[in-house]
Amino acid sequence: MRRNDSVRAIKGVGEKAEQCFGKLNIETVGDLLEHYPRGYDEWKPIQQVSSVSEGETAALEGVFASRPTLKNFGRLKVLSADLQDASGAILVTWYNMPFLRSQLKMGIRYILRGKVGKKRGRLVVEQPKIYKKEEFYRQVGKLRPIYPLTAGLTNNMVIKAMEAALKETEGLNEYLPSPLRKRQGLVEYKKALRQIHFPADKEELRQGRKRLVFDELFLYQLALSYIRKRGREPSSHKMEAREEIGQFVEGLPFALTNAQKRVFGEIEKDLTDGFVMNRLVQGDVGSGKTVVAVMALYLAALNGGQGAFMAPTEVLASQHYKSLCGMFADRGVRVGLLTGSLTAKQKREAKEKIALGVWDVVVGTHAILQDNVVFANLALVITDEQHRFGVKQREELFEKGREPHVLAMSATPIPRTLALVLYGDMDLSVMDEQPADRLPIKNCVVNTDYRPNAYGFMKKQIDAGHQVYIICPMVEESEESELESVSIYTEQLREIFPPEIKVDSLHGKMRPRDKEDVMERFSRGETDILVSTTVIEVGIDVPNATVMMIENAERFGLAQLHQLRGRVGRGDAQSYCILMTGQPSKDSMERLSVLAGSNDGFYIAKEDLKLRGQGDLFGVRQSGEELFALADIFEDAEILTQAAKEAEAFAEEDIRLLCSKNKRLKERVERYLGQVTL
């Protein structure tokens with residue numbers, strides 16, 4: 001097999017499995033090899049019941065002293081029993097598996113393995129698997145990969161396909177020069193692939209991950225080097241400053257902060273100096289980046305150019321569209337919306353208006369990038385949540401017009417030193433000031449014993465007319481899907497809260513249209529509590545939401561926790577963030593105390609960088625939409641710095657000449673640049 005062969009070339013992958021892999025954007029053997037584990041399950045020996053603690057995955061051996069009981073909670077069937085060994089007994093619970101009641105025999109010794117939680121003050125092993133003795137002991141000491149899945153695919157199916165791909169694929173040759181690998185202490189590429197998917201131990205996992213992370217960051221930096229070499233290009237859209245901007249600011253119902261004034265001044269200078277703008281605006285959650293973006297779009301429209309405003313989700317795009325319509329209602333600026341969920345007729349009409357220049361500002365999602373979207377005179381492109389858009393997408397946007405100005409915005413707080421490396425092709429503006437009237441979020445770090453109090457507090461907030469987010473981390477070590485995890489939690493909440501309180505759920509396995517519907521209902525206030533995985537991190541702005549509770553908060557990085565917390569505190573009411581911990585270590589509590597003590601994203605980012613070090617190799621990536629498949633700019637800050645230095649040294653030689661000497665390196669750099677041929 002070769003990297004570009006279809007996944008159907010892998011033994012055991014049929015038409016149905018091919019379709020399932022396609023849902024994960026895995027079409028070729030190479031795509032599969034780069035479908036990295038989201039975590040690892042470390043199999044430890046059998047423990048005694050008395051030694052287990054909340055939050056861990058434990059293997060226990062014992063007998064059932066009494067017949068299991070089966071209870072119905074709405075659509076949820078809960079089977080419970082006590083497992084007993086010489087040291088004591090522990091509650092074991094299965095969800096929607098009533099058939100086990102007749103299969104479990106009293107007095108027979110069983111080996112169970114599952115996650116230990118706590119319910120009503122008592123430890124409980126939830127949804128454990130039952131193993132035969134020889135089956136269990138074959139796994140002890142091993143690190144088992146856990147892959148992102150979709151409906152129809154099990155973890156075992158992915159493992160079997162991955163083993164076959166690693167064994168049978170040709171062309172997994174080394175492409176980094178040997179001197180570079182020696183300087184950086186990197187294992188060979190093929191070995192790294194084996195170590196990331198099937199590590200023999202933690203050291204192998206560390207080595208494999210280091211090599212593949214370096215590759216991602218190094219190739220990214222080479223791509224940036226190519227873009228930088230183009231230099232500052234003369235602009236076809238040189239603009240003139242207009243006094244209407246001042247009138248627009250005077251008409252706002254609030255005063256701009258000094259940071260907003262400073263950053264717009266930098267943008268205005270870029271737009272009027274005759275060269276193409278390529279600027280990144282970093283601003284903490286709630287710092288007012290959107291207003292600055294609107295001012296830039298207004299300036300473009302006043303100069304006869306079109307503006308495109310890209311958001312990462314349809315809900316956020318719709319919210320921006322409504323906001324811009326209101327702001328521009330009396331100013332003669334025509335605003336349109338283009339998203340994937342529009343009907344064929346609506347899309348056709350929208351594209352006609354864009355091509356004819358009827359719309360001055362187009363708000364949308366990735367749908368704007370489609371080849372058949374043609375602008376009459378695209379002068380300015382704005383991307384919201386810059387970390388979601390890679391170099392390739394930035395290039396695609398750049399090609400949409402005659403070298404339009406590009407303004408990227410990000411609420412992800414990144415220390416300036418890292419931002420300069422990560423976005424080395426862009427000028428950087430930092431919006432480091434919050435509006436004076438914004439109430440700081442009140443934070444607390446609590447353990448699971450506080451949960452009843454937290455639910456009571458949520459009810460009071462809901463009774464006062466507000467809404468609540470609850471975040472469930474995607475941390476299952478089995479093939480149980482996040483759908484089940486979120487659904488189970490949602491059903492439990494529906495049992496706990498009175499029926500008039502509406503609870504809804506959101507997770508990454510839902511169809512895009514269903515996700516948008518859930519977020520729309522929450523945005524309209526039809527849902528009181530939204531239980532979600534971290535897909536909520538970016539993409540919804542609900543000023544009425546005042547409580548954010550994050551389960552197992554110790555499993556997240558500080559930057560992501562800060563992003564999640566930023567979903568509340570967007571209105572006039574006091575907002576709260578409850579960080580619920582399961583089994584936190586001393587280090588994780590130290591990190592959480594930083595978050596609890598500050599709402600300043602840039603301070604938190606700096607502390608995150610100090611505290612993470614090498615990071616947790618067994619941490620779970622919560623989102624599949626980030627810029628890199630493996631690399632984390634906080635945990636891998638040192639590797640990022642080294643990759644940038646190596647790329648800079650290589651860039652001293654013409655990059656086309658460099659890549660002509662190394663075909664495999666050339667192919668990989670071009671993947672970051674889209675259609676650009678080196």
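## Exercises on a predicted model

H35 counts as buried, at 10% relative accessibility (buried: under 20% relative accessible area; exposed: over 50%; partly exposed: in between; 1.4 Å probe, protein chains only). The model is predicted: local features need pLDDT of at least 70, side-chain atom pairs count only at pLDDT 80 or more, and totals for chains, interfaces and linings use all residues. Residues are numbered from 1 along each chain as its sequence is written, and side-chain values use heavy atoms, with hydrogens and water left out.

**Exercise 1.** Describe the surroundings of H35.

*Solution.* 
1. Helices (H or I, at least four residues) and strands (E, at least two) are DSSP runs, numbered from the N terminus.
2. List contacts (heavy atoms within 4.5 Å). Not counting residues up to four places away in sequence, H35 touches L24, I26, Y147, P148, V158, M162 and H197.
3. Take L24: 11 residues from H35 in sequence, 8.9 Å in space, C-alpha to C-alpha.
4. Take P148: its backbone oxygen lies 3.0 Å from a polar atom of the H35 side chain.

**Exercise 2.** Locate E491 and state whether E491 is buried or exposed.

*Solution.* 
1. E491 sits in helix α17 (residues 482-496).
2. Its relative accessible area is 13%, so E491 is buried.
3. Beyond four places in sequence, E491 touches F73, R75 and L76.

**Exercise 3.** Examine phi of N96 and of N552.

*Solution.* 
1. Recall the background: most residues other than glycine have a negative phi.
2. N96 has a positive phi, near 55 degrees. N96 lies in the loop between β5 (88-95) and α3 (100-103). At 43% relative accessibility, N96 is partly exposed.
3. N552 has a positive phi, near 50 degrees. Its loop runs between β20 (545-550) and α19 (558-565).

How values were computed: A polar contact is a pair of N or O atoms within 3.5 Å; within protein, one must be able to donate a hydrogen and the other to accept it, and residues adjacent in sequence count only if both atoms are side-chain atoms.
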